[in-house]
Amino acid sequence: MAQYDVVIIGGGPGGYNAATRAGQLGLKTAIVEGRGKLGGTCLNVGCMPSKALLHASELYEAAVGSEFAKLGIEVKPKLNLPQMMAQKAESVEALTKGVEFIMKKNKVEYIKGWGRIDGPGKVVVKAEDGSETVLETKNIVIATGSEPTPLPGVTIDNKRIVDSTGALSLPEVPKSLIVIGAGVIGLELGSVWKRLGAEVTVVEFLDRILPGTDTEVANAFQKILTKQGFKFKLASKVTGAAATDKQVKLTVEPVAGGEAETLQADYVLVAIGRRPYTQGLGLETVGIETDKRGMIANDHYKTTAPGVWVIGDVTSGPMLAHKAEDEAVACIELIAGKAGHVNYDIIPGVIYTSPEVATVGKTEEDLKAAGVAYKVGKFPFLANSRAKINHETDGFVKVLADAKTDRILGCHAVGPNVGDMIAEICVAMEFGGSSEDVARTCHPHPTRAEAFRQAAMGVEGWTMQA
Ligand SMILES: Cc1cc2nc3c(=O)[nH]c(=O)nc-3n(C[C@H](O)[C@H](O)[C@H](O)COP(=O)(O)OP(=O)(O)OC[C@H]3O[C@@H](n4cnc5c(N)ncnc54)[C@H](O)[C@@H]3O)c2cc1C
């Protein structure tokens, strides 16, 4: 029986980063993954393939619409969807192989198969051929991730009614696509297919898009998407779906009550969220219980069972790859007797649409609810020279700072490339920085990052470029 310091179940950003850190710290480590490839949801059917399609579809739309022509570039673009899908698959393959290489480099044993806990310190791995291997270990890290949440009454067949995985590989551009759920995944994948030519309608239960995001940013973003051609049906509840092999009919009712209506589309994407994945994990053998949503609770990544730890989407907190990654490092460092820690106040969230949305820290609604006195600095991309020259003027940056101490409490932005630039605010916040720290930091010109500086200047009322 093989003996380990750490056995990690799940090879996503939580699992493979935990394995890497464990290897670096000299722990004898195995990573168990059932899907046949490392990288988890993120690399295989999440972050990376969606970004591959977002990138390609953005360029296609720029070429096919008036954007290229406005810049003096005249082309006759033709969509080659199989090639778009092939380049996505190639990049994903290269990334998953890259993770395998990192495992080898850090002397982590990669075991293919589905793992299940079989009592304290024991993991049984069932390979594709049905054979079983027993691993004995001092620590088990559960990093089994999440899966799409199903919607009662709407059966996902991944033909006409698809989840996010299906929407990453549609065989054709739909004439019409209904997205159920106005969250990150729905708006990103809706953007992909809209840019490629689909008419996209988003149906959302709440009366707003992007729940939890700063309301001013979410409202501005909705207006921008509407200008791009998105249709929104908010405060609406989908109660049923009937699919034929050509189209789907959806029954939709106003949440407040009223008459139901039928919407028709070529395809429907169900994107109402994700839920923790613990199927067949043997949690009962170590007495771990999940909550109503299927989530495993943690206290500094410890579960209720001694020697069993949990990180990533399967436990509490935002379901994001970088959150899983940070928890992975902290968890392994705690296992190794070090001081692992994650600052949950500074986990950025990005929506990789065009323009992007990026947020970190408290929203204005959070601060109001907590009774915190704060100041706001805001700067529009319309007044940013780089955005102006690139014809990307939609959006703004908003910096929120403590009214007394000036410490940055949050930053929310919609605009070009804000997903990359929010990192500077994360660093400032991690150092306990003030809006003045950012405002007095020299920023390169002409860059869109200057909009963040100008917004920070705005907190004390000395924005200079607007
Ligand atoms: C379409 C889409 C786009 C996304 N885009 C982004 C983005 O841009 N940025 C971002 O931060 N996040 C994004 N996410 C979310 C991100 O993918 C997840 O937060 C992240 O993958 C979570 O990592 P994890 O390691 O916890 O779990 P996962 O990545 O889900 O990995 C868990 C792995 O465990 C394996 N597994 C499960 N049970 C077992 C078992 N018993 N034995 C062996 N293996 C098992 C699974 O096969 C899976 O590979 C996106 C998600 C989707 C669906």
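This is a predicted model: local features need pLDDT of at least 70, side-chain atom pairs count only at pLDDT 80 or more; totals for chains, interfaces and linings use all residues.
Two strands are counted as paired if DSSP finds at least two bridges between them.

**The antiparallel sheet**

- The open sheet consists of three strands in the order S12-S13-S14, with antiparallel pairing.
- Strand S12 (236-243) and strand S14 (261-265) are the edge strands, each of which pairs on one side only.
- From one strand to the next, the twist averages 30 degrees.
- Strands of a sheet pair through backbone hydrogen bonds, and the pairing may be parallel or antiparallel.

**Strand S2 and its parallel neighbours**

- Strand S1 (residues 2-9) runs parallel to S2, and four bridges join the two.
- In this pairing, Ile8 stands opposite Ile31 of S2.
- S1, helix H1 (residues 13-24) and S2 together make a β-α-β unit, which is right-handed.
- S2 is also joined by four bridges to strand S3 (residues 109-112), and these two strands run parallel.
- Here Glu33 stands opposite Lys112, a residue of S3.

**Burial of strand S2**

- How many of the five residues of strand S2 (residues 29-33) are buried? Five of the five are buried, so the strand is largely enclosed by the rest of the structure.
- The burial involves both faces of S2: Thr29, Ile31 and Glu33 lie on one side, Ala30 and Val32 lie on the other, and all are buried.

**Packing of helices H3 and H5**

- Two packed helices are described by the distance between their axes and by the angle between those axes.
- For helix H3 (residues 47-64) and helix H5 (residues 81-105), the axes come within 9 Å and cross at roughly 145 degrees.
- The crossing in which H3 passes H5 is right-handed.
- On the H3 side, the contact involves Met48, Pro49, Ala52, Leu53, Ala56, Ser57 and Tyr60.
- On the H5 side, these residues are met by Met84, Met85, Gln87, Lys88, Val92 and Leu95.
- Grouped by class, the contact of H3 with H5 comprises 10 nonpolar, two polar and one charged residues.

Technical notes:
Residues are numbered from 1 along each chain as its sequence is written. Side-chain values use heavy atoms; hydrogens and water are left out. Axes are lines fitted to C-alpha atoms, for helices over the stretch in contact, and angles run from 0 to 180 degrees between N-to-C directions. A crossing is left-handed if the near helix is turned anticlockwise from the far one by less than a right angle, and right-handed if clockwise. Contact means heavy atoms within 4.5 Å. Ala, Val, Leu, Ile, Met, Phe, Trp, Tyr, Cys and Pro count as nonpolar, Asp, Glu, Lys and Arg as charged, and the others, Gly among them, as polar. Buried means under 20% relative accessible area, exposed over 50%, partly exposed in between (1.4 Å probe, protein chains only). A crossover is right-handed if, with the strands pointing away from the viewer, the path from the first strand over the helix to the second runs clockwise.
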